[in-house]
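Please read the following explanation with the sequence and the coordinates side by side. It begins with the protein as a whole and then turns to individual elements and residues.

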Amino acid sequence: MLGYKSTGATLQKSASAGAARVLARNSTKSTTKQFSRCFTALKSNTITGTQTGTIQNTTNGKLKRNLTRSTLINSRLRTSITHNGRRSYSTSPEEGEAAAEEEFPELSEPREADEVDVCIVGGGPAGLAAAIRFKQLDLEKGSGELRVIVLEKASDMGAHTVSGAVLEPRALDELLPEWRDDPSLPESVTPVTSEAMRFLTKSMTIPLPEPPQMKNHGNYIVSLNQMVKWLSEKAEEIGVEVYPGFSVSELVYDEQGRVKGIATNDQGVSRDFKPKASFQRGMEFHAKITLLAEGCHGSLSKQVIKKYDLRKDSDPQTYGLGIKEVWEVPKEKFNKGFVGHSMGWPLSSDVYGGGFIYHFGDGLVTVGAVIGLDYKNPWISPYQEFQRMKHHPFYANTLKGGKCISYAARALNEGGLQSIPKLSFPGGGLIGCTAGFVNVPKIKGTHTAMKTGMLAAESAFDSISAFNSAIEEGQSESEVTAPSVESYEESFKDSWVYKELHEIRNVRPSFNNPLKMWGGVMYSGLDTLILKGRTPWTFHHKHTDSGATEPASKYNKIEYPKPDGELSFDILTSVSRTGTNHDEDEPCHLRIPDQDNRKHTEIAYPKYQGIENRFCPAGVYEYIEDASEPLGVRFQINSQNCIHCKTCDIKVPTQDINWTVPEGGDGPKYYMT
């Protein structure tokens, strides 16, 4: 299945500009649609043995790709059984496997497999930048026939992508120097023309000087959702295989414990883990190098970090939750190119965070907030804090009379340099936000994510090229060192990304001091304006965000104002603007031990009083009054609402919620985010 390999096609050595580029993009896009149709057909029909077919297209000359399908040995699948009427999920391949395989042997059938050179999991800025850079090197220095694929769980490229976003173009300039002149560039890309930083009280707006890291001259306000779609087209133009709609659920290892590829999840499995009529076994991609570009707190990244102990020399990662809306505003309130940031109200001084408002495109305004997830008070609701923030005149004066057209939320890394794990592991590496390269004072991470993807791609290309050369010279694979991205570690330390993150490494942790926000503001001002990171000390993150949470009994319950339906909205109205969707008859992708809701209630509710329904920005978790339950409440997971922000996995104090990938194509379908 899906073995598209070049058979005699001559690919251009570089992407051309202007009309030739447009022609290539349109032609390649047509081919990709044909590939997608083949995927759909193969996913919905059981095909056995080996089948071959041919797809032809005329992109930069005739490109012929063969569709092959092969079978290889079985790789074990996590399964589930039922127990006392409650769905039970195994936490390892061993638990419940024998019973499930006996009842449903198709769940353990051998998967189809395909061979590629580089497999990239995640089609965001880092993954696409890595794919483009690898293929650029292949076209410039290699045969042009190395295969690099990008697998994205969203139904369409960019559909799960959300960011502020003000884009610093440094990495994009390096990757695609002529990007500003590309006629297919999204029209909403807007140069920053003016900016402001404000401290808010409940009724006042106080001007603040901007630290140098927050200066945005030369930057662009973008919809990262649209930019990712555009980047995917650039990747396809030069021969990268980009496949949305495929959730990668497992890593595949060889006999030595090296990652040799990935496996996509099974399709057509019911909520009680029985194969439906539409059942289709997942497939494997075996690669010389596997790059994980899943974004913040990726499910596979968690596995490799634990398996190879990649965090043994780094601090715990700490996170923020970014929540945003996109509005259409009246013409007289639109200030194209304006970037505004705020700190202070409505957040208390012991909560790290702030707000933003960006004017871009044709009458569009992005408004949002980022709130550090290391807050102690379990009564805090980041969603409600954001809704309250919009009523401040700094934001309300722009939004009144406008219309909210889109909503999104996503966790982001805030740990900085000291929280970055080891970047390489046997058979692959971590790139972009899956490792955590966000520059917190800049409130930017796209440029650093893209650059690290490019650095990993360069390391992968050099290693694979050396490996292939040795094989061509007659050496056996057992005699040649397996490809790796170990050199990526050093190239990162030699890069401008490392220098940038080293300079601001103490800013975020400086807010964890007895003076709270005020101490952090004073130190970070000194550090960014004068010291510029040239200090012999490094502040550290001493605990996880879940570990920072204190019992609800230590705080007064927060009573948030009701939404007015004009500036602020209830959470289900907001979720309706995400386009999110999950098949109701599929396994819950939000796993708790044994899927035992009562047990979770017993260990979480008495101490934290329903923190789950407050930290979740999508109404996934609820405690419903139920007199038949021992504690008078029943824990409920509304997984259909999930917008894949990962906050639950990060913040739940009991650390018993495990976010896993649902079926490919499920989740939000973000617009202009």
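What follows goes from overall composition to the sheets, then to the nonpolar cores, and ends with a single lysine.

The model shown here is predicted. Its chain holds 17 helices and 29 strands, and of the 673 residues 60% count as buried. The accessible surface comes to about 27100 Å², of which 50% belongs to carbon and sulfur atoms. Among the contacts with a separation of 6 or more, 77% are between residues 24 or more positions apart.

Of the sheets, one is built from seven strands and is open, with the order 11-10-20-21-22-19-23 and mixed pairing. Its edges are formed by strand 11 (205-207) and strand 23 (403-413), each of which pairs on one side only. From one strand to the next, the twist averages 20 degrees.

How much of strand 19 is buried? Nine of its 10 residues are, and the strand is accordingly described as mostly covered. Helix 7 (residues 382-389) lies across strand 19, strand 21 (353-360), strand 22 and strand 23, and runs at about 135 degrees to strand 22.

Another open sheet consists of three strands in the order 8-12-9, with antiparallel pairing. Strand 8 (166-167) and strand 9 (190-191) are at its edges and have a single partner strand each, so one side of each is left without a neighbour in the sheet. The antiparallel pairing of strand 8 with strand 12 (residues 220-221) is made by two bridges, and in it Leu167 stands opposite Tyr220.

The nonpolar interior can be considered next. In soluble globular proteins, nonpolar side chains tend to be buried together. The largest nonpolar core of this model has 82 residues, of which Cys119, Ile120, Phe134, Leu172, Met227, Leu291 and Phe437 touch the most other members. When residues up to four places away in sequence are set aside, Leu291 touches Val118, Cys119, Ile120, Val121, Ala130, Gly429, Ile431, Ala456 and Val485.

The last stop is a lysine in helix 3 (residues 125-141), namely Lys135. Is Lys135 buried or exposed? Its relative accessible area is 2%, and because residues under 20% are classed as buried, Lys135 belongs to that class. Its side chain makes a polar contact with the side chain of Asp138, at 2.9 Å.

Technical notes: Residues numbered from 1 in each chain as written. Predicted model: local features only at pLDDT ≥ 70, side-chain atom pairs only at ≥ 80, totals over all residues. Heavy atoms only, no water. Helix = DSSP H or I, 4+ residues; strand = E, 2+ residues; numbered from the N terminus. Buried < 20%, exposed > 50% of the residue type's maximum accessible area, 1.4 Å probe, protein only. Polar contact = N/O pair within 3.5 Å; in protein donor to acceptor, adjacent residues only side chain to side chain. Pairing = 2+ DSSP bridges. Axes fitted to C-alpha atoms, helices over the stretch in contact; angles between N-to-C directions. Contact = heavy atoms within 4.5 Å. Areas by Shrake-Rupley, 256 points an atom, 1.4 Å probe, with all protein chains shown as cover. Core = buried A, V, L, I, M, F, W, Y, C linked by side-chain atoms within 4.5 Å.
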